[in-house]
Amino acid sequence: MATFKFRLATLLKLREAARTERRAHLAQAYQADALLESQQQQTTQMLLDLQADCRVASLPGEINVDRLLEAQRHETMLRAQRQQLQQQREAVAEEIERRRNALTEANREVKVLEKLRERQLQRHQAEESRRDIQRLDEVGQQRALREVHP
């Protein structure tokens, strides 16, 4: 019985490697988004803490104007930082979508070759079965002839 050999096995391996690479790139983009989200949450928390400090500092009594001005400058800086992080997350979201599409395409390319390999394997097995049946038929015919003509 002849063994099955898929002629495009090397191409299939290359496409599987490309799919694995694209999967890794997508994971990196998700990690970048998670990092930016964490930074954005920290910045938001810092803003909330700063606003709470400002409320306490502006209660009736002695008010430190320099402290309030510094807090406003810090708040402005934190808001700008949060806005920049949001813009970066939007850019990363676009990159995630691009990489997700590339992974989908790589999956499709691999599946096409896997289906082709499966069809060729089935044809090979059918052909081998046909040959086996033909060999058995020949052996049966030869045996029948020997029995008829001893």
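Trainee: Hi! What are we looking at, and how are residues numbered?
Mentor: Residues are numbered from 1 along each chain as its sequence is written. The model is predicted, so local features need pLDDT of at least 70 and side-chain atom pairs count only at pLDDT 80 or more, while totals for chains, interfaces and linings use all residues; side-chain values use heavy atoms, leaving out hydrogens and water.

Trainee: How many helices and strands are there in the protein chain?
Mentor: Two helices and zero strands. Both kinds are DSSP runs, numbered from the N terminus: helices are H or I with at least four residues, strands E with at least two.

Trainee: At what angle do the axes of α1 and α2 cross?
Mentor: Helix α1 (residues 9-57) and helix α2 (residues 65-148) cross at roughly 160 degrees, their axes coming within 7 Å. Axes are lines fitted to C-alpha atoms over the stretch in contact, and angles run from 0 to 180 degrees between N-to-C directions. That makes α1 roughly antiparallel to α2, a label for angles over 145 degrees.

Trainee: New topic: what does the C-alpha trace span along its principal axes?
Mentor: About 125 × 20 × 15 Å.

Trainee: And where is F4 found?
Mentor: F4 lies in the segment before α1.

Trainee: Which residues does F4 touch?
Mentor: Not counting residues up to four places away in sequence, F4 touches R117, Q120, L121 and H124, where contact means heavy atoms within 4.5 Å. F4 and Q120 are 116 residues apart in sequence, yet 8.7 Å apart in space, C-alpha to C-alpha.

Technical notes:
Parallel < 35°, antiparallel > 145°, perpendicular 65-115°, else oblique.
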